[in-house]
Amino acid sequence: MKKFTVALSCVVLAALVFAAPHPEDNKPQYTSSGELVQPEHYREWVFLSSGFGMNYSPAPGSHDMFSNVFVPGWAYREFAQSGHWPDKTVFV
């Protein structure tokens with residue numbers, strides 16, 4: 001019974017490791033025509049900040065906008081370690 005439990009634990013652990021999305025999978029991908037492909041796991045991106053009224057329009061009196069900024073987890077982890085945003089980081 002003990003050998004079965006150990007074997008089952010190894011199988012479950014291996015399944016979890018191989019089922020987890022690889023960080024490289026979340027890097028930007030493009031179609032053959034150069035268009036950005038929507039990332040699969042964008043809802044899991046890291047929230048960075050919010051802003052209100054950040055308008056870069058030269059016309060005064062235009063409407064105020066509310067915005068949120070997100071980045072992929074792999075990019076945030078690398079930034080946290082190095083202090084620099086890695087190449088191919090996408091801010092949304």
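The model is predicted: local features need pLDDT of at least 70, side-chain atom pairs count only at pLDDT 80 or more, and totals for chains, interfaces and linings use all residues. Residues are numbered from 1 along each chain as its sequence is written, and side-chain values use heavy atoms, with hydrogens and water left out.

**Overall make-up**

- Two helices and two strands make up the secondary structure; these are DSSP runs (helices H or I, at least four residues; strands E, at least two), numbered from the N terminus.
- Read from the N terminus, the order of elements is α-β-β-α.
- Of the protein's 92 residues, 12% are buried, where buried means under 20% relative accessible area, exposed over 50% and partly exposed in between (1.4 Å probe, protein chains only).
- Among contacts with a separation of 6 or more, 27% join residues 24 or more positions apart; a contact means heavy atoms within 4.5 Å.

**S49**

- S49 sits in strand β1, residues 46–52, and is partly exposed at a relative accessible area of 32%.
- Beyond its neighbours within four places in sequence, S49 contacts S67, N68 and V69.
- The C-alpha atoms of S49 and V69 are 5.3 Å apart, although the two residues are 20 apart in sequence.

**K88**

- K88 lies in the segment after α2, which spans 73–82.
- K88 is not a glycine, yet has a positive phi of about 75°.
- K88 counts as exposed because its relative accessibility is 58%.
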